[in-house]
Amino acid sequence: MSNASIEAIAAKSGQPFPGAPNNWQRFFTFSTDHKVIGIQYIVTAFVFFLIGGLLAMVMRGELITPEADLVDRTVYNALFTMHGTIMLFMWTFPVLNGLSNYLVPLMIGARDMAFPRLNAAAFWLVPVFGTLLMASFFVPGGPSQSGWWAYPPVSLQNPTGNLINGQVLWLLAVALSGVSSIMGAVNFVTTIFRMRAPGMGWFRMPAFCWTVLSAQMIQLFGLPSLTAGAVMLLLDLTAGTSFFDPARGGDPVLYQHFFWFYSHPAVYVIILPIFGTFSEVFPVYARKPLFGYRFVVVSSVIITVLSAMVWVHHMFASGTPSWMRMLFMFSTMLISVPTGVKVFAWVATVWGGKLRLDTPMLFALGGLVCFLFAGITGVMLGAVPFDIHVNNTYFVVGHFHYVIYGAAVMGVYAAIYHWFPKMTGHMYYEGLGKLHFALTFIGVNLNFFPMHPLGLMGMPRRVASYDPEFAYWNVIASLGGFLLGVSTLPFILNMISSWILGKRAAANPWNAIGLEWLIPSPPPVENFEEIPIVVSGPYGYGSYEPLVANNPAGELNSEHR
Amino acid sequence: MSTANLDPTLNTHGTHAAEHEEEDHRMFGFIVFLLSESVIFLSFFVGYTVYKTNITDWLPAGVEGLEVREPLINTIVLVSSSFVIYFAERFLRNENLWGFRALWLLTMAMGSFFLYGQAVEWMGLPFGFTDGVFGGTFYLLTGFHGLHVMTGVLLQGIMLGRSFLPNNYAGGEFGVEATSLFWHFVDVIWIILFILIYVWQ
């Protein structure tokens, strides 16, 4: 019995492979199937995305007028702290882990992750620390107010005097999130190193897997540093030590080093899989091979290495000696080289292609535009004199929201739409998808562009009230913020209705090349009936080469459009 | 072709391969984890060095410095146990189960002696956890390392117990190898820690 006959049947009838389970209850169990865990991650993270987004909309509501009238100042502090923490630790990391979990084994031709039970345990920690963090809304004194950096000495204040306070819960949640991320990272690195299908050499591996590998390596070397800092901060708060307490000989700047040694590379943990998504999406919808594949994937590894050498650029205004600032300014500028290589390659991939402007492609293009803008402001911020000028202003907020929302969230949407037919076996509704894109793209720019002029004018971040001269841009930003809130509605409607009612998806609805597109949608429990033997590179658009030897589904890969 | 003859192929082939693969990858995964774990210690060491070189009145009032003699004995015992566990592993590889058990038990005894020595040292010290950054870093580093030693001894106990299950260690055992690797790791960390805290005063 050959694989080809199964393919033919699956493709002809559009029915899922007989082995694909169809019960929704499995998403609520301790399943060890990487595909179930992937979807569990994505959906859980999205719930937290909505919560974090609601907090952001309350903040934008507060900022629509110059006075602090909607919420109290302390509530505002808690809002931006929880917004940042939720969005990073409970939305972006888990959602990207979910996408990687779903896609990496399929893309490298494996039946599951290397350690399926560890994988499930890592996921189930997410609701645990999520609940822990949410619980801080209900303890006396409310949630932490020290921002998502939790810099001492602000984070060492404990006005209520209780042992269980918002800051302690925050630290425990972040520490648990770290445990979960390390469990995931060990799993991903082992899987990618050891479980690639025969014939899939390093340079036959899809760019997405390269970026996941790079991102997870960053978790492995970076997170322990944050863990060390968090342990010491927790001891300062609860056990009476004085590691970061300047009044008793401690050094608060050391915490900043521990924090940013992880949390700057963490930005690359977020953005690298998005780079991978761009590299997967552009060739499919431009019908061209990825331009400069080797340069693109090697630049991911270079970014990983450089990411460990730039963290002090967050501390230019922390009394850092000038020789150190020069050094880190240089390394920060250097990181724009591998990033620039990638942007160039994507533009060259899209250039002159037969563009299909489906929703994933729209989101990827929109994400690329936002990333380019964020990259330019990023290089501006990397320069010490400019950074000192706009330090702690809205310019910084605008910059990283273009990265995190403009590039990362739009990239996540691109990935979800692109692989939605594979994950669910149904097509999404294109019209709703395009509406979602339009609302998101307009919302992002309306919300986050005004933050740049505000920052240049000198409006500080993390304030509930401001000088009336800043009102104009703040009103525009708030309108953008509410638009972003509205933009999630067509997405939710689209996902739920098309999963239930959507048209059946074929194995390869986009006519894409890749191991995941050679198996039915949704894939059966063990993915591949027979482990594929890979015989060519991942982006052979227009070259008519078969991708695998034992599954001669070449006609699926060639261009018939 | 029917569904009926598809499923058995999928299941037998699939599950067997998956189990086999998991066996193979555990050591690789464990090494990756240890590399990551070492960065926590590295962070603590860097923090300690920064504090030690920057803080002017490093020792709390009334503290002269640390006694080196007993910790040195402790160090020698812990470092030697690394060799003992190596030979225990060799015995297991040569299928000499009783030789393995004897040396494995000796390793556990040496690890426990280290923990006992550490506890005795802690009791006799004139400063506490909250006595400045010196006290904080001292107990943090030795305590965090001590937790690892304790974990190592517990793991060794589990492995020793498992050696009495019939045929459990036929053809090598991941648990023993991993415990042994972990023990070497804990050992190397202690050598760095000993130099940082006791030698460099």
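Colleague: Which hand does the crossing of H8(A) and H12(A) have, left or right?

Modeller: In this predicted model, the crossing of H8(A) and H12(A) is left-handed. The helices are H8(A), residues 265–286, and H12(A), residues 359–382, and their axes come within 9 Å and cross at roughly 130 degrees.

Colleague: Which residues of H8(A) and H12(A) meet?

Modeller: From H8(A) come Ile274(A), Thr277(A), Phe278(A), Val281(A), Phe282(A) and Tyr285(A); from H12(A) come Pro360(A), Met361(A), Ala364(A), Gly367(A) and Leu368(A). By class, the contact of H8(A) with H12(A) has nine nonpolar, two polar and no charged residues.

Colleague: How do the axes of H8(A) and H11(A) lie?

Modeller: H11(A) covers residues 336–350, and its axis comes within 9 Å of that of H8(A), crossing at roughly 15 degrees. Angles under 35 degrees count as roughly parallel, so H8(A) is roughly parallel to H11(A). The crossing of H8(A) and H11(A) is left-handed.

Colleague: What residues make up the contact of H8(A) with H11(A)?

Modeller: Phe275(A), Phe278(A), Phe282(A), Pro283(A) and Ala286(A) of H8(A) meet Lys342(A), Trp346(A), Thr349(A) and Val350(A) of H11(A). Seven of these residues are nonpolar, one is polar and one is charged.

Colleague: At what angle do H15(A) and H17(A) cross?

Modeller: The axes of H15(A), residues 430–448, and H17(A), residues 471–501, cross at roughly 160 degrees and come within 8 Å. Angles over 145 degrees count as roughly antiparallel, so H15(A) is roughly antiparallel to H17(A). The crossing of H15(A) and H17(A) is left-handed. Their contact holds 15 nonpolar, nine polar and no charged residues.

Colleague: Is Tyr417(A) buried or exposed, and how do you know?

Modeller: Around Tyr417(A) there are 25 other C-beta atoms within 10 Å. A residue is buried at 20 or more, so Tyr417(A) is buried. Tyr417(A) lies in H14(A), residues 394–424.

Colleague: What does Tyr417(A) contact, leaving aside its neighbours within four places in sequence?

Modeller: The partners of Tyr417(A) are Thr359(A), Pro360(A), Phe363(A), Tyr428(A) and Gly433(A). Of these, Tyr428(A) is 11 residues from Tyr417(A) in sequence and 7.4 Å away in space, C-alpha to C-alpha.

Colleague: What is the mean pLDDT of chain A?

Modeller: The mean pLDDT of chain A is 92, and 94% of its residues reach 70 or more. Over residues 1–17 of chain A the pLDDT is below 50, although this stretch has 28 contacts beyond near neighbours in sequence. Residues 552–561 of chain A also have pLDDT below 50, with 15 such contacts.

Colleague: How many helices and strands does chain B have?

Modeller: Chain B has five helices and zero strands, in the order α-α-α-α-α along the sequence. Of its 201 residues, 29% count as buried. Among contacts in chain B with a separation of 6 or more, 80% join residues 24 or more positions apart.

Notes. Residues are numbered from 1 along each chain as its sequence is written. Chains are lettered from A and ligands numbered from 1 in the order in which they are written. This is a predicted model: local features need pLDDT of at least 70, side-chain atom pairs count only at pLDDT 80 or more; totals for chains, interfaces and linings use all residues. pLDDT is the predictor's confidence in each residue, from 0 to 100. Two residues are in contact if their C-beta atoms, placed from the backbone, lie within 7 Å. Helices (H or I, at least four residues) and strands (E, at least two) are DSSP runs, numbered from the N terminus. A residue is buried if 20 or more other C-beta atoms lie within 10 Å of its own, exposed if 12 or fewer, and partly exposed in between; C-beta atoms are placed from the backbone. Axes are lines fitted to C-alpha atoms, for helices over the stretch in contact, and angles run from 0 to 180 degrees between N-to-C directions. A crossing is left-handed if the near helix is turned anticlockwise from the far one by less than a right angle, and right-handed if clockwise. Ala, Val, Leu, Ile, Met, Phe, Trp, Tyr, Cys and Pro count as nonpolar, Asp, Glu, Lys and Arg as charged, and the others, Gly among them, as polar. Angles under 35 degrees count as roughly parallel, over 145 as roughly antiparallel, 65 to 115 as roughly perpendicular and the rest as oblique.
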